[in-house]
Amino acid sequence: RDLRRVVEGTEGALALVRRAALMPRCRFTVDRETGAMADYSQLQRLRTLNQILAAAAFVAAAEGRSQEAVDNLDAMIGTAGHIGVGPTLLLGPIIQYRCLSDFEISLRNLLSIGPLGEDGSARLERSLAAVDLYGPCEAAMKAEPALGRWFGVEGRRKPGQFICDLGSEGF
């Protein structure tokens with residue numbers, strides 16, 4: 001019931017997000033001339049949109065609209081894919097991982113309600129396979145060499161734990 005209130009009135013905005021998520025590429029403009037004062041707040045707003053998509057997917061699944069639930073989950077994947085691209089330094093890939101983590105949690109919650117169907121599962125699998133996780137992360141590491149070296153050392157020391165720690169920072 002609370003989730004229904006969260007998504008109430010967002011249908012138009014979510015339709016736009018779903019449409020944008022399906023686009024082949026997306027660019028978020030950032031004035032990098034401002035240096036450390038550059039405004040990357042759109043990344044957090046995109047994560048918030050992803051969380052609203054998750055709520056809408058859950059409501060749709062609970063009401064038996066599995067195709068709509070899959071559409072919302074697929075938009076979460078597409079949004080995460082777009083976030084990793086662009087001049088966001090390391091923040092983009094970190095938010096991208098958080099959005100994919102939100103997707104994974106949402107998928108698990110939806111599967112507790114019922115199956116997505118073969119078509120929906122195959123569609124989500126294709127969308128996930130299309131998300132480039134390494135390119136944006138590699139570009140960020142090259143752009144921020146000191147952080148890149150630190151991540152490399154930490155990642156080699158305890159790879160599984162390092163990724164879990166990265167995802168739990170609450171970005």
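Let's start with the buried residues of helix α5: they are Gly92, Pro93, Ile94, Ile95, Gln96, Arg98, Cys99, Leu100, Asp102, Phe103, Ser106 and Leu110. Buried here means under 20% relative accessible area, exposed means over 50%, and partly exposed is in between, with a 1.4 Å probe and protein chains only. When I say helix, I mean a DSSP run of H or I with at least four residues, a strand is a run of E with at least two, and both are numbered from the N terminus.

Before I go on, a word on where this comes from. It's a predicted model, and local features need pLDDT of at least 70, side-chain atom pairs count only at pLDDT 80 or more, while totals for chains, interfaces and linings use all residues. Residues are numbered from 1 along each chain as its sequence is written, and side-chain values use heavy atoms, with hydrogens and water left out.

Back to α5. This helix covers residues 91–113, so to speak of its length: 23 residues, reaching 34 Å from the first C-alpha to the last, close to the 33 Å expected at 1.5 Å a residue. The expected span is 1.5 Å times one less than the number of residues. Helix α3 gets the same check: its 22 residues should span 32 Å at 1.5 Å a residue, and its end C-alpha atoms are 32 Å apart, which agrees. After α3 comes Gly64, with a positive phi near 80 degrees.

Okay, the whole chain. How many helices and strands does the protein chain have? Nine helices and zero strands. Along the sequence, that reads α-α-α-α-α-α-α-α-α. Of the 171 residues in the protein chain, 39% are buried. Now take the contacts between residues at least 6 apart in sequence: 73% of them join residues at least 24 apart. Contact means heavy atoms within 4.5 Å. As for surface, the protein chain exposes about 10100 Å², and carbon and sulfur atoms supply 58% of it. Those areas come from the Shrake-Rupley method with a 1.4 Å probe; for residues, only the protein chains shown count as cover.

Next, two helix pairs. Helix α4, residues 66–83, packs with helix α6, residues 118–130, at an angle of about 5 degrees, and their axes are 10 Å apart. That makes α4 roughly parallel to α6. Axes are lines fitted to C-alpha atoms, for helices over the stretch in contact, and angles run from 0 to 180 degrees between N-to-C directions. Under 35 degrees counts as roughly parallel, over 145 as roughly antiparallel, 65 to 115 as roughly perpendicular, and the rest as oblique.

Who meets whom there? From α4 we have Gln67, Val70, Asp71, Leu73, Asp74 and Ile77, and they meet Gly120, Arg123, Leu124, Ser127 and Leu128 in α6. By class, the contact of α4 with α6 has five nonpolar, three polar and three charged residues. For the classes, Ala, Val, Leu, Ile, Met, Phe, Trp, Tyr, Cys and Pro count as nonpolar, Asp, Glu, Lys and Arg as charged, and the others, Gly among them, as polar.

Let's zoom in on Ser127, which sits in α6. Ser127 counts as buried, at 19% relative accessibility. Setting aside neighbours within four places in sequence, Ser127 is in contact with Asp74 and Ile77.

The other pair is helix α2, residues 11–21, and helix α3, residues 41–62: their axes come within 11 Å and cross at roughly 110 degrees. That makes α2 roughly perpendicular to α3. Leu14, Val17 and Arg18 of α2 make the contact with Leu49, Ile52, Leu53 and Ala56 of α3. By class, that contact of α2 with α3 has six nonpolar, no polar and one charged residues.

Neighbours within four places aside, Asn72 is in contact with Arg18, Leu53, Ala56 and Ala57.

A few last residues. Thr10 lies in the loop between α1 (2–7) and α2 and is buried, at 17%. Arg25, in the loop between α2 and α3, counts as exposed at 69% relative accessibility. Arg25 and His82 are 57 residues apart along the chain, and their C-alpha atoms are separated by 6.4 Å.
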